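Here's a quick walk through the nonpolar side of this protein: rings, cores and surface. Have the model open while you read.

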Amino acid sequence: MTEHKPLSVVLLLGTVREGRRSEAVVPWLQEKIKERGDMDLTIFDPRDMTLPMDHEGEDLKEQNPKFKTAVENMDAMIIVSPEYNHSYPGSLKRALDILFPEYARKAVGLVSVSKGNFGGVRMLEHLHALVHALGLIESKADLMVPNVINIRDEEGTLHPTTEMNERADAFLNELAWLAAALRWGRQ
């Protein structure tokens, strides 16, 4: 049997806001990915990236070499973003815009986080268009985390329900399948 190299996955947080609730989703997903054993995860936070307010776009890729290299070498990306005013945060757009050809023919899975019942579905409508324009290939399964304020404790730790864990497993299974198929295609 051929031994398969783990899929390289980049997780990008979608906001720089103080007190961001979406951040609680990351350790949960990180643990779910670790349990699988078929993915290597690298996490990027736009707070740690060089994204000056007076300059935008692909000219910033050389100021963010770790992100550039990780995206060039990734098989898939997971974007974890809250919904702000029915769309995604500007900080997410600024972070994604520093690259373009590096995204081509790579899988992406979208995770929306909301304090309300809809789980960020309106944000996903906008984010689907953006990732398509960047050349990323979307997984058919999005992962929505509604009512995040009710499943997070005072320390910020997420306490997912059984249903959430099942949805996360289905999300990661679909993303892994797509990422592996696209990796085969790029080779």
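How many aromatic pairs does the count come to? One aromatic pair turns up, in what is a predicted model. The partners are F44 and F67, with ring centres 5.2 Å apart and planes at 75°, so this pair is edge-to-face. F44 sits in strand β2 (residues 39-44) and F67 in helix α2 (residues 65-73), so the pair ties together parts that are 23 residues apart in sequence.

How covered up are these phenylalanines?

| Residue | Relative accessible area | State |
|---|---|---|
| F44 | 12% | buried |
| F67 | 1% | buried |
| F118 | 57% | exposed |

In soluble globular proteins, nonpolar side chains tend to be buried together. The largest nonpolar core here has 31 residues, and V25, W28, L29, I78, V111 and V145 touch the most other members. Elements that each supply at least two residues of this core include β1 (7-13), α1 (25-36), β3 (76-82) and α5 (162-186). The top contributor is α5, which gives nine residues to this core.

F118 lies in the loop between β4 and α4 (121-134). Together with V121 and M144, F118 makes a nonpolar surface patch of about 260 Å².

Definitions and conventions
Residues are numbered from 1 along each chain as its sequence is written. This is a predicted model: local features need pLDDT of at least 70, side-chain atom pairs count only at pLDDT 80 or more; totals for chains, interfaces and linings use all residues. Side-chain values use heavy atoms; hydrogens and water are left out. A nonpolar core is a set of buried Ala, Val, Leu, Ile, Met, Phe, Trp, Tyr and Cys residues joined through side-chain atoms within 4.5 Å. Buried means under 20% relative accessible area, exposed over 50%, partly exposed in between (1.4 Å probe, protein chains only). Helices (H or I, at least four residues) and strands (E, at least two) are DSSP runs, numbered from the N terminus. Patches are made of residues with over 30% relative accessible area and no salt bridge: like charges are joined within 9 Å, nonpolar side chains (Val, Leu, Ile, Met, Phe, Trp, Tyr) within 5 Å. Accessible areas come from the Shrake-Rupley method with a 1.4 Å probe; for residues, only the protein chains shown count as cover. A salt bridge is a side-chain nitrogen of Lys or Arg within 4 Å of a carboxyl oxygen of Asp or Glu. Rings of Phe, Tyr and Trp (its six-membered ring) pair if their centres lie within 6.5 Å; planes under 30 degrees apart count as stacked, over 60 as edge-to-face and the rest as tilted.
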